[in-house]
Amino acid sequence: MSNHSTATRNGTQTATLFDPETPERGQQTTDLAAPPAERVASADWPRLAGELDDFGCATVGTVLTPGECRSVASLYDEVGMFRSTVDMARYRFGEGQYRYFAYPLPELVAALREAFYPRLLPVARDWARRLDRPAPWPDTLEQWLRMCHDGGQTRPTPILLRYQAGDWNALHRDLYGELVFPLQVVICLDEPGVDHTGGEFMMVEQRPRAQSKGTVRALRQGEALIFTTRDRPVRSARGWSASPMRHGVSTLLSGTRHTLGLVLHDAT
């Protein structure tokens, strides 16, 4: 998990990001007054690509201010902005509720989705090369979503989740159709230890001929986490193989937890 602190410099709010588990990368500063594309672009992308290779997930750092987090979280009660609401217990997905945004997306949600796509595209193409898979993803999110829509995947997939005490999310994948982008993003909108306790992000990797491996990330407010949609490439005796991965959320012990999920392909 990346720690962060905020400061004001020349009238501009910034966040200093530092991951104690990878001190060799030093510190970087994200200008939270900049447009979302610039905030995302300022991340340490070589480091992130390496962590995605090693773990199937990587913490970007702070990409939203507390005010922006509260603003996005407050949208949950504006039912008209969503195309559907899912009660997880009804479908045995866990406990809790989430909502899929309708088009047009809120401006900030759309901007973040567009900002992450070109940064994740090189990783997606590299993984496809290693796994000897097609890499159908064009250079822009607009072109890719057009391909999804032409293929019958027309429903938007950005999602707003609300967990309350006792809620949890079962391990799963977010595929939604034949056309899949292999990476996605989740952003924490509330402050752990203040707004809620528990509710950590979890990933479980099904390793070939070995017991499964778990990874847990506890995100702070405004932090983004990139993770694999379905699997990651791992070295094998024959070169590279796909190691299946699923993600979920541990039980929320108290309070309320909102998160924004950015899936980069649309649904059937």
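Helix axes here are lines fitted to C-alpha atoms over the stretch in contact, and angles run from 0 to 180 degrees between N-to-C directions. This is a predicted model, so local features need pLDDT of at least 70 and side-chain atom pairs count only at pLDDT 80 or more, while totals for chains, interfaces and linings use all residues. Residues are numbered from 1 along each chain as its sequence is written, and side-chain values use heavy atoms, with hydrogens and water left out.

**View A. Helix 2 packs against helix 4 at an angle of about 40°.** The two axes sit 11 Å apart. Helices are DSSP runs of H or I with at least four residues, strands are runs of E with at least two, and both are numbered from the N terminus. The pair counts as oblique, the class left over once angles under 35 degrees (roughly parallel), over 145 (roughly antiparallel) and 65 to 115 (roughly perpendicular) are taken out. The crossing is right-handed, meaning the near helix is turned clockwise from the far one by less than a right angle.

**View B. Here are the residues where helix 2 meets helix 4.** From helix 2 come W45, A49, L52 and D53; from helix 4 come F116, R119, L120, V123, W127 and R130. Contact means heavy atoms within 4.5 Å. Sorted by class, there are seven nonpolar, three charged and no polar residues. In this scheme Ala, Val, Leu, Ile, Met, Phe, Trp, Tyr, Cys and Pro are nonpolar, Asp, Glu, Lys and Arg are charged, and the others, Gly among them, are polar.

**View C. The largest nonpolar core has 44 residues.** Such a core is a set of buried Ala, Val, Leu, Ile, Met, Phe, Trp, Tyr and Cys residues joined through side-chain atoms within 4.5 Å; buried is under 20% relative accessible area, exposed over 50% and partly exposed in between, with a 1.4 Å probe and protein chains only. F116, L120 and I226 are among the residues with the most contacts inside it. Helix 4 gives the largest share, eleven residues. I226 touches residues including W45, L52, F116 and L120.

**View D. A cis peptide bond joins Y103 to P104.** Its omega is near -5°, and P104 lies in the loop between strand 7 (97–101) and helix 4.

**View E. D132 and Y176 have positive phi values.** D132, with phi near 55°, lies in the loop between helix 4 and helix 5 and counts as exposed at 71% relative accessibility. Y176, with phi near 75°, is in the loop between strand 9 (168–172) and strand 10 and is partly exposed at 23%.

Technical notes: Lists of a residue's contacts leave out its neighbours within four places in sequence.
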